[in-house]
Structures are given as C-alpha cells and as structure tokens.
Amino acid sequence: MGAALALAERSRGRTAPNPNVGCIVVAADGHVVGRGWTQAGGRPHAEAVALAQAGGEARGATLYVTLEPCAHVSPRGPACADLIVAARPERVVVALTDPDPRTDGAGIAQLRAAGIAVREGVRTAEARRSMAGFLTRRRFGRPHVTLKLATSLDGRIALPSGESRWITGPEARAHAHLERARHEAILVGRGTYDADVPRLDVRLPGLEARSPRRLLLTRGTAPEGWEALADVAALGAVEGVDHLLVEGGAGAAAAFLAADAVDRLLLYRAPILVGAGQAAIGDLGLADLGAAHGRWRLHDARVLGSDRLEVYERERD
C-alpha cells in the first residue's frame, strides 16, 4: 500500500475532478506485475492502468489500491470493479472507501460477490491526506487550500521597503516550486501582484509544464493570463481546481484564515531577523487568544538548506 500511495502522488494536482489514486498488482510469487496511477484529466483510472500492465498475471494476484474501485460506468471509461472482477485477482486491499454516492461501498460489495477477498482500511489516514483535494471538494464544496508563508524568524516577509528577495534559500525555494507543481491553481492578492507581478510558474527541470493556473484575489478584473476570484466565498465555483496554493500576501492570507478556508500551512522560516518589516499575515479579528489554540497540528518538519520547513494541518472534526 505504501508503494500505491507513492504512485498516487505522481498525479496530485492533475486529476480533478477525479481523485489521484495509486494501484499496485502483486503476483502470488511476490513480484510486482502492474503499477498504475490516475492519469491527467482523471482517466484512465489507476486500476485500469495497473491491470493492463499486469495482463494475465493479475489472475490470483493481490491488488492494492488507495481508493475503493469505482462501481459506476462512465462515458469516459469502464467501472474499475468490473475490470477487477474480469481479471480475477485473489484479493484486493483498499485504503479508503469512495465517498462518491455512485460507489460508496458498492465497488467492494461487487468484488466480494464475485468471490474476491477484500480487506479495507489499510493506511486510511495516509490515503485521506493523499486525496485531500478530492475529499475536501466532496465535504466542503471547495478546493483543499494550502497557505504558503516564507518568513524570517520574527515572522516578517519583507523589509519595510517591500524588498523580499530572497527571504529563504535555494533549497526552500525549490521545494516551494515542487509544491506549485502539485496544485491545479495558485493565488495571490492584488497587493502582491501590483508590487511583484509574480510569474507563479514552476521552474524545476522537467516540471515546467505543470505550472498551475494563476488566480488573483480581487473584485476588479484580472490581467491577461490570470483569473479573478472576487472573495474566498466564491472559491467553490472555480472549476477544475481541487488543490489551491495561496502564496501571498498578508491580506490574502488573512482573508483565507479568517474564513477558516485553509487546510494546510507550509511555513518556511529562514535563520534571519528583520525587525521592522512587513508581517506575514494581516489582522484575523481574534477577540482572545483562546480562539487561536487547538486549530493546527504539526504534521511534518524538515531542514531545507539553512531554512526550516514546518507543515501544519487544520484540526477538523
């Protein structure tokens, strides 16, 4: 399942409105005979790719998949449950049940009815994190939102003059570009656009084509090559985006945080002190400190060159 989860990450930010799924087919002798992940645009599904690669070796094998195989036929492709039944593996291991009402347990039931053993709930938490965009869209009707902040140790993103190149070093900036490649869209506020006219593209060799769509938080019109988002409440209406990266500035960050529309926080901190300068986040309207506690859980921390990255996830019921 770990290998299937790793494969699913290859298509994160490329499959909306479908989930990014990974699949591994392991023959009875322990050899991997098929690998697949959801392709760009959402089709073919991971299971279809892995089974096509496995061919006749799928018979009697074990299939590991990060999401329950779909049970509904689509004009864009067959139901994965039908493909698996036809391939006749001995066992299917599933990380997460599909919340799509067209499947939602029906895929697993179909496999069991065909005499295929099914094990559910393997590494479910990791599968939820992997498919956070798909699941957030299902639950809240909006994309999964990551807020990226690159600050000094004292929480500044720029000098008083606005100079901000560069707060962090090359390793942290490269990681941030990788994050861009994992999102369908990226957003900045009008102030950031007017001050920097940022490109917001991916400048990692081999990943340039994965540069996300560019959104501008503004009630006015967007420049050519950009899309306007009037406010955070309009986020759900943006089609084809299940993962949104918010990169700046302080006003945009505050707007998303105040609306409780941030699900993940990337905090890059450089070992520098700026003193007087521009804050990373604007006013959130907090009346007391108690309301700020219990909202964020540290998920990951690592050193990138001379900088430190901390990844926080929003605590939700």
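## The cavity

A cavity here is a set of points, on a 1 Å grid over the protein atoms alone, where a 1.4 Å probe fits but cannot get out; a lining residue has an atom within 4 Å of a point. The structure holds 1 cavity of 30 Å³ or more. The volume of the largest cavity is about 30 Å³. Volume means the space filled by probe spheres set on the points, with grid points joined across faces, edges and corners.

By class, the cavity lining splits into 3 nonpolar, 5 polar and 2 charged residues. Ala, Val, Leu, Ile, Met, Phe, Trp, Tyr, Cys and Pro count as nonpolar; Asp, Glu, Lys and Arg count as charged; the others, Gly among them, count as polar.

## Model and numbering

This is a predicted model, in which local features need pLDDT of at least 70 and side-chain atom pairs count only at pLDDT 80 or more, while totals for chains, interfaces and linings use all residues. Residues are numbered from 1 along each chain as its sequence is written, and side-chain values use heavy atoms, with hydrogens and water left out.

## The largest pocket

The largest pocket has a volume of about 1,000 Å³. A pocket is an open set of points with protein on both sides within 12 Å along at least five of seven lines. Its lining counts 33 residues, and Arg-128, Arg-129, Ser-130, Ala-132 and Glu-313 lie nearest the centre. Two or more lining residues come from each of helix H5 (124-130), helix H6 (132-140), helix H7 (170-181), strand E14 (296-304) and strand E15 (307-314). Helices (H or I, at least four residues) and strands (E, at least two) are DSSP runs, numbered from the N terminus.

H6 gives the largest share of the pocket lining, 6 residues. Charged residues number 19 in this lining, alongside 9 nonpolar and 5 polar.

## Helix H2 and its buried face

Which residues of helix H2 (residues 46-54) are buried? They are Ala-46, Glu-47, Ala-50, Leu-51 and Ala-54. Buried means under 20% relative accessible area, exposed over 50%, and partly exposed in between (1.4 Å probe, protein chains only). Seen down the axis of H2, these residues fall within an arc of 115°, so they line one face of the helix. The arc is taken over the directions from the helix axis to the C-beta atoms. An α-helix has 3.6 residues a turn, so residues three or four places apart point the same way.

The cover over the buried residues of H2 includes strand E1 (22-26), strand E2 (32-37), strand E3 (62-65) and helix H3 (80-87). After H2 comes Gly-55, with a positive phi near 60°.

Thr-38 sits in the loop between E2 and H2. Thr-38 counts as buried, at 2% relative accessibility. Its side chain makes two kinds of polar contact (a pair of N or O atoms within 3.5 Å; within protein, one must be able to donate a hydrogen and the other to accept it, and residues adjacent in sequence count only if both atoms are side-chain atoms). The Thr-38 side chain reaches the backbone oxygen of Pro-19 at 3.3 Å. A polar atom of that side chain also lies 2.9 Å from the backbone nitrogen of Val-21. Leaving aside neighbours within four places in sequence, Thr-38 is in contact (heavy atoms within 4.5 Å) with residues including Ser-11, Thr-15, Arg-43, Pro-44, His-45 and Ala-46.

Ala-61 is in the loop between H2 and E3. Ala-61 is buried, with 0% relative accessibility. Beyond its neighbours within four places in sequence, Ala-61 is in contact with Val-25, Val-26, Ala-27, Ala-28, Pro-89, Glu-90 and Arg-91. The C-alpha atoms of Ala-61 and Ala-237 are separated by 42 Å, and these residues are 176 residues apart along the chain.

## Backbone geometry

The peptide bond from Ala-16 to Pro-17 is cis, with omega near 5°. Pro-17 lies in the loop between helix H1 (2-8) and E1. Another cis peptide bond joins Arg-43 and Pro-44, with omega about -10°. Pro-44 is in the loop between E2 and H2.

Arg-123 is not a glycine, yet its phi is positive, near 55°. Arg-123 lies in the loop between strand E5 (117-119) and H5. Arg-123 is partly exposed, at 39% relative accessible area. Val-197, also not a glycine, has a positive phi of about 45°. Val-197 belongs to the loop between helix H8 (190-196) and strand E9 (213-217). Val-197 is exposed, with a relative accessible area of 52%.
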